[in-house]
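Here are some exercises to work through with the model open beside you. Try each task before reading its solution.

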Amino acid sequence: MQITASTVSLTVDDVAASQRFFTTHLGYAEQAAADGFVSLSRDDAAVDVVLLARGIEVLPADQRDQHVSGLILAFTITGIEAEEKRLCAEGVEIAMPLREEPWGERLFQITDPNGVIVQFVEWAAPSGPENA
């Protein structure tokens, strides 16, 4: 098997609201759209995102009424402080402010209008006396 691309499909109540959020704040562009469906991508290594309206008939019957829950869409980036400031300046609410974990992960989270959690991560050298 050779994987040529990666896509995450998210079932949401308001496709247009998530589409606006991803295109306005996260640099995604629409690739295809139909009633209750939109496919978004970026020109870099980010995963493609497909947004599906909850209840859409293209989904198997047992999946139609499900919605995004317990999923964190994480992006590894550089310049994490600048990205947090940019998103704040654009009026995006920071759900979890920037913090650094002992193992060197620096991260913050935002949430789209449908509750999709987007996490930004930048790796730093772990801090603390055990890593000196």
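Is Glu 83 buried, partly exposed or exposed, and at what relative accessibility? Glu 83 counts as partly exposed, because its relative accessibility is 24%. The classes are set by relative accessible area: buried is under 20%, exposed is over 50%, and partly exposed is in between (1.4 Å probe, protein chains only).

Before going on, two notes on the numbers. This is a predicted model, in which local features need pLDDT of at least 70 and side-chain atom pairs count only at pLDDT 80 or more, while totals for chains, interfaces and linings use all residues. Residues are numbered from 1 along each chain as its sequence is written, and side-chain values use heavy atoms, with hydrogens and water left out.

**Exercise 1. Find the salt-bridge partner of Glu 83 and describe where the pair sits.**

Step 1: The partner is Arg 86, with 2.8 Å from N to O. A salt bridge here is a side-chain nitrogen of Lys or Arg within 4 Å of a carboxyl oxygen of Asp or Glu.

Step 2: Arg 86 and Glu 83 are separated by about one helical turn, because they are three residues apart in helix 2 (residues 80-89). Helices (H or I, at least four residues) and strands (E, at least two) are DSSP runs, numbered from the N terminus.

Step 3: Arg 86 is partly exposed, at 29% relative accessibility.

**Exercise 2. Look at the other salt bridges, including that of Asp 13.**

Step 1: There are eight salt bridges in the structure.

Step 2: Asp 13 pairs with Arg 54, and their closest N and O atoms are 2.7 Å apart. This pair connects distant parts of the chain, 41 residues apart: Asp 13 is in the loop between strand 1 (7-12) and helix 1 (15-25), and Arg 54 is in the loop between strand 4 (48-53) and strand 5 (72-76).

Step 3: Asp 13 is exposed at 54% relative accessibility, whereas Arg 54 is partly exposed at 33%.

Step 4: Arg 99 and Glu 101 form another salt bridge, with the closest N and O atoms 2.7 Å apart. Arg 99 is partly exposed at 41%, but Glu 101 is buried at 13%.

Step 5: Glu 81, Glu 100, Arg 106 and Glu 122 join in a salt-bridge network.

**Exercise 3. Work out the strand order of each open sheet.**

Step 1: Two strands pair if DSSP finds at least two bridges between them.

Step 2: Strand 2 and strand 3 are antiparallel and share five bridges; Glu 30 has Leu 40 in strand 3 as its bridge partner.

Step 3: Another open sheet of four strands runs 5-8-7-6, again with mixed pairing. Its edges are strand 5 and strand 6 (94-100), each with a single partner strand, so one side of each has no neighbour in the sheet.

**Exercise 4. Trace the partners of strand 8.**

Step 1: Strand 5 and strand 8 run parallel and are joined by five bridges, and Phe 75 stands opposite Phe 120 in strand 8.

Step 2: Strand 7 and strand 8 pair in the antiparallel sense over seven bridges. Among the bridge partners, Glu 105 goes with Trp 123 and Thr 111 with Ile 117.

Step 3: These two strands form a hairpin with five residues between them, and Gly 115 in the turn has a positive phi of about 90°.

Step 4: Strand 8 is largely enclosed by the rest of the structure because five of its seven residues are buried.

**Exercise 5. Which residues have the most contacts inside the largest nonpolar core?**

Step 1: They are Phe 22, Val 49, Ile 110 and Phe 120, in a core of 26 residues. Such a core is a set of buried Ala, Val, Leu, Ile, Met, Phe, Trp, Tyr and Cys residues joined through side-chain atoms within 4.5 Å.

Step 2: Neighbours within four places in sequence aside, the contacts of Phe 22 include Leu 40, Val 49 and Leu 73. Contact means heavy atoms within 4.5 Å.

Step 3: Phe 22 is also one of the buried residues of helix 1.
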